[in-house]
Amino acid sequence: MDLKTSFGLLLFALAVQCNPSPLADIVVDRYLLPQICPREVQVEDFIRYHFNGTFYDSGKKFDSSYDRGKAFVSQVGLGKLITGMDRGLQGMCVNERRRITVPPHLAYGSVGTGGLIPPDATLVYDILLLDIWNAEDKVQIRTISKPENCRRTTVASDFIRYHYNGTLLSGEAFDSSYSRNTTYDTYLGQGDLIKGMDDGLLGMCIGERRLIIVPPFLAYGETGHGAKIPPQATLVFEVLLVDVFNPKDDVTSKVIEKPKNCTRRTVTGDYIRYHYNGTFQDGTFFDSSYQRNSTYNTYIGMGYVIHGMDKALQGLCIGEKRRITIPPHMAYGEKGAENFIPGSAVLIFDVHVIDFHNPKDSVEIRVTHKPEECNMTSETNDLIHYRYNCSLMDGTLLYSSDQYDSPSVTTLGAGKVIMGLEEGLKGMCVGERREVVIPPHWGHGEDGAVGVPGSAVLLFELELVQLQKGVPEGFMFVWLGDTPDPLFNALDLNGDKEVPLEEFSEFIKLQVKEGKGRLRPGVDIDTVIKDMFYNQDQNKDGKIVEDELKIKDESEKLRRDEL
């Protein structure tokens, strides 16, 4: 062997003796990283993770949290783990997978441990990080969305209804109110929730979405909860606040639109007709009278509607619009109303008052114009011609005489129009105009009529166009002055002691023309006169003699002006 060869073998031997271990430090292979990493492991953090432990040389597994069915929990950087793991876990993200190779001097050294780890063993840990928290952590709140208008925020002692999705920090779902199709309902700040949620739900607006991150010690801690929340788990709640109220809340009412003139307001005992839209506080619709094309009709303050509405409907004007907010203890309470109203729901009603009345109301008459000369006024039995507009109290026009070629005609007291209109047309002068408010018990009642809703208060705008004075019920003719005496001689125009129809008709028409008598208006004159004649012609021989006139007068005890 020459000198050159001997020197080469020596260098090789020295090289082998200078490398007793393949690694001088840990090797970290971050082979799967999450797209988002809001937080990395730092010294003194607590972590929860799964791992598989194998020997570097053989690949044989020596330990596994998966096999034990339970993630491993520890604090980092304070010597509670082997040095290599204390260092190798730092900077890790939740859902990150990394492979940490630990040389013996940073693991169990030349001694090993318990027959499980032999001396001078290089260890490989395959890690999946599930959770991070720190003893100094507080509840984290991240607002996802918030309504522009926030009239009220949650405070301790409020009762709230909210939807949520619950996940672990790793993203694994453990619960959801949406899957049950019902909100989670609870009091705030009274210990009914885990401490972190009691804090995280404070200050929320209805319609607000939040992400609430609760560290384990403010959640279920070392015990966990059920099968889906492991011990020492950070919980993430994505929350949507649906409803909030306080047991001390009263019904509230906000005026949206108010009529310029309000001469009367609703009181207990009134009967009201109103339209409404009903929603929950998050804007979800639940009912509407508009959809049914029919008002909601009820008495006020008599227990026919929920207590909050009974209270809120007092003090309103016709035509007024209000937004009424009713807490559940003044609505349908904890039970709700079947599938219609959920339990503990705050209700919002946008109300439009169409009309109201009281069962004791009479017809209201307002004279809007009266002519300077008024020598004659309308009364029972008069024949009148009048114009009218008939509307609901919200201004909806129902009928109008303008729809016809001529004014309407009726005989007062004949029962041809509703009682309230009869009342409103009495005592009018020709040319007078009136507004007449007719409650339903003077109008079309609870059933209404064609085009007229049930229990509707009606507004008539009236103008008297023509007036023909009438005669009392059962009469066909009345004298306006003294009756001729003797009457038969006055009837017997030609003095032949008998009065045929033609002579009788001529006499009656003359009395009417001279203003001495009046025929029943609104019927054919000749027909009325014939009826009068035949009533006097007792023997039906086509003429009246004095004895017949007297016989009728005496036997029926009729006054002579009742011809």
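This briefing describes the disulfides of the structure above and one of its strand hairpins. The model is predicted, and a search of the whole structure finds four disulfides in it. A disulfide is a covalent bond between the sulfur atoms of two cysteines. When the bonded cysteines of the chain are numbered in sequence order, they pair as 1-2, 3-4, 5-6, 7-8.

**The link of Cys 150 and Cys 205**

- Cys 150 and Cys 205 form a disulfide in which the sulfur atoms are 1.8 Å apart, and the link is left-handed, with -100° about the S-S bond.
- This pair links distant parts of the chain, 55 residues apart, since Cys 150 lies in the loop between strand 7 (140–145) and strand 8 (159–168), while Cys 205 lies in the loop between helix 5 (195–200) and strand 11 (209–214).
- Cys 150 is partly exposed, with a relative accessible area of 32%, whereas Cys 205 has a relative accessible area of 1% and is therefore buried, a term that applies under 20%.

**The link of Cys 262 and Cys 317**

- A disulfide joins Cys 262 to Cys 317, with an S to S distance of 1.9 Å, and this link is left-handed, with -95° about the S-S bond.
- Cys 262 is in the loop between strand 13 (252–257) and strand 14 (271–280) and Cys 317 is in the loop between helix 7 (307–312) and strand 17 (321–326), so the pair ties together parts that are 55 residues apart in sequence.
- Cys 262 is partly exposed, at a relative accessible area of 28%, while Cys 317 counts as buried, at 1% relative accessibility.

**The link of Cys 374 and Cys 429**

- The sulfur atoms of Cys 374 and Cys 429 are 1.4 Å apart and form a disulfide, which is left-handed, with -75° about the S-S bond.
- Distant parts of the chain, 55 residues apart, are linked by this pair, with Cys 374 in the loop between strand 19 (364–369) and strand 20 (383–392) and Cys 429 in the loop between helix 8 (419–425) and strand 23 (433–438).
- Cys 374 is partly exposed, with a relative accessible area of 28%, but Cys 429 is buried, with a relative accessible area of 1%.

**The hairpin of strand 2 and strand 3**

- Strand 2 (residues 46–55) and strand 3 (residues 61–64) run antiparallel and are joined by three bridges, and Gly 53 stands opposite Asp 63 in strand 3.
- Five residues lie between the two strands of this hairpin, and in the turn Gly 59 has a positive phi of about 80°.

How values were computed
Residues are numbered from 1 along each chain as its sequence is written. This is a predicted model: local features need pLDDT of at least 70, side-chain atom pairs count only at pLDDT 80 or more; totals for chains, interfaces and linings use all residues. Side-chain values use heavy atoms; hydrogens and water are left out. Two strands pair if DSSP finds at least two bridges between them. Helices (H or I, at least four residues) and strands (E, at least two) are DSSP runs, numbered from the N terminus. A disulfide is a pair of cysteine sulfur atoms within 2.5 Å. Buried means under 20% relative accessible area, exposed over 50%, partly exposed in between (1.4 Å probe, protein chains only).
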